[in-house]
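Please examine the model shown here, first as a whole and then in its local details.

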Amino acid sequence: MTSPVVLIAEELSPATIDALGPDFTVRHCDGTDRAALLAAVAGADALLVRSATTVDAEVLAAARQLRVVARAGVGLDNVDVKSATKAGVMVVNAPQSNIVSAAELAIGLLLAAARNIVPANEALRRGEWRRSKYTGAELYEKTAGIVGLGRIGALVAQRLSAFGMNVIAFDPFVAAGRAAQMGVRLVGLDELLSTSDVISVHLPKTAETVGLIGADQLATVKPSVILVNAARGGIVDEQALYAALKEGRVAAAGVDVYATEPCTDSPLFELEQVVATPHLGASTDEAQEKAGVSVARSVRLALAGELVPDAVNVQGGVIAEDVRPGLPLAERLGRFFTALAGTVPSQLDVEVRGEITAHDVRVLELAALKGLFTDVVEDPVSYVNAPVLAAERGVGVRLTTDPDSPDYRNLVTLRGTLADGTQVSVSGTLTGPRQTEKVVGVDGFDIEVALSDHMAVFRYEDRPGIVGAVGRILGEARVNIAGMQVSRDRKGGHALVVMTVDGPIPGPVLEDIAREIGAETARQVDLTEEE
């Protein structure tokens with residue numbers, strides 16, 4: 001019997017080959033040579049890449065017997081996951097391979113900025129002995145503010161605690177009890193910004209987090225503050241940071257990521273008090289080795305037909321064909337729920353009704369959880385690690401099914417209870433020959449609106465003039481309404497507007513609408529895919 005062929009398209013550590021073991025035929029090619037890649041992948045059962053090899057629909061079409069693509073790293077920008085899923089090819093990565101390296105780099109940037117290590121080093125190399133000019137600051141007994149308490153943020157908090165720092169954090173998706181176990185006190189973003197002596201950012205890049213720390217926020221910090229961003233470019237407004245540093249409103253900064261990469265001409269590079277690195281978070285021998293070993297183990301499991309912990313798409317192709325179209329719907333409903341609630345629930349019920357329940361629909365629960373955490377954590381979320389994320393955050397999950405669905409052929413509802421007892425729910429279905437994804441219920445209000453990249457939800461007291469006021473404010477802001485539906489529980493009672501718009505609604509505009517109509521809730525729902 002011929003052994004499965006594993007094609008390695010980029011240089012990987014020797015430990016990766018060792019982890020594969022002797023049960024495979026290992027071949028090599030240059031993944032950046034398109035013709036060579038297309039020729040070599042035709043006979044491969046597994047393809048291992050890093051970041052330089054593009055695995056797109058053309059490559060997948062040429063790989064007639066391919067079963068798994070493994071990316072030795074965290075990102076998947078170079079792998080067409082949708083095409084792979086459609087082709088029945090599993091995609092795996094190594095989501096935890098770089099967390100220690102990324103955390104340590106953030107600490108390194110902070111220490112370098114606090115002690116003026118880079119300019120002092122450069123001055124000494126020029127023959128200048130300037131001790132007094134490069135006097136720094138101790139971290140001991142200062143306050144460290146962690147923006148985003150995911151896996152990397154938690155590691156940074158742990159290390160800064162060891163420096164004797166008082167650690168606070170902003171993360172609306174982490175329970176206070178969980179933070180307390182880490183020795184961290186949760187606070188609001190405004191309090192963190194105004195009280196911290198050092199600030200380190202560890203958030204995923206989403207529509208909500210881009211520009212989270214801009215000019216207004218930097219106007220509230222201590223002038224002695226040190227700001228570090230080793231998470232994602234754009235979360236900290238680079239122009240605003242430059243201005244604050246230039247004017248002495250921020251003491252120093254450590255920057256590893258940029259809104260546009262590669263970046264070689266940022267004005268930040270002019271400033272002596274800025275320590276800048278070219279996105280080195282994962283650039284350690286240890287992280288690269290961990291990534292290679294991790295995906296090698298995943299390849300072994302995948303080719304053996306076993307559960308793969310780091311699979312990022314549908315595993316094994318055993319999902320019923322009638323269930324498969326519901327996966328993206330359930331995932332988008334999960335993202336809708338998180339945006340609507342503004343947090344994750346303490347209890348989530350995933351209710352599936354209709355003909356689809358004749359099949360095994362447990363994967364819809366996983367899809368809903370994947371969506372629930374996609375815009376919450378900085379790590380890639382998969383069908384397998386989503387339950388782990390839920391357990392880590394104390395989210396109880398139940399799946400219920402009922403073949404009876406009076407209003408729709410099939411219906412998926414996410415019903416959650418928040419920590420304060422508030423109930424939030426969102427329902428969705430697929431309609432028509434094109435299986436259009438629609439949200440058909442929000443918090444008990446009946447609606448029917450196609451899911452779109454940009455949506456907004458307003459809840460208010462029913463009275464005349466509301467739709468006109470909303471339209472006027474959006475019109476003045478040049479935000480075009482693509483669709484809108486109003487639902488109410490009774491005349492003069494509570495009403496709900498769900499709308500789709502052509503682009504994101506600026507935060508101040510959303511606040512203007514909420515204030516104008518006296519909204520009980522005003523939420524923006526962004527279902528665009530992260531770049």
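The paragraphs below treat a sheet, the helices packed on it, and some backbone features.

This is a predicted model, in which local features need pLDDT of at least 70 and side-chain atom pairs count only at pLDDT 80 or more, while totals for chains, interfaces and linings use all residues. Residues are numbered from 1 along each chain as its sequence is written, and side-chain values use heavy atoms, without hydrogens and water.

Four strands form an open sheet in the order E20-E21-E19-E22, with antiparallel pairing. Strands here are DSSP runs (E, at least two residues), as are helices (H or I, at least four), numbered from the N terminus; two strands pair if DSSP finds at least two bridges between them. At the edges stand strand E20 (481-488) and strand E22 (521-526), each of which pairs on one side only. From one strand to the next, the twist averages 15°. Seven bridges join strand E19 (residues 454-461) to strand E21 (residues 494-501) in the antiparallel sense.

Helix H13 (residues 326-341) packs on this sheet and touches E19 and E22, contact meaning heavy atoms within 4.5 Å. The direction of H13 makes about 145° with that of E22; axes are lines fitted to C-alpha atoms, for helices over the stretch in contact, and angles run from 0 to 180 degrees between N-to-C directions. Helix H16 (residues 466-476) lies across E19, E20 and E21, at about 155° to E20.

Most residues other than glycine have a negative phi, and most peptide bonds are trans. Arg-478, in the loop between H16 and E20, has a positive phi of about 60° although it is not a glycine. The peptide bond from Glu-261 to Pro-262 is cis, with omega near 0°.
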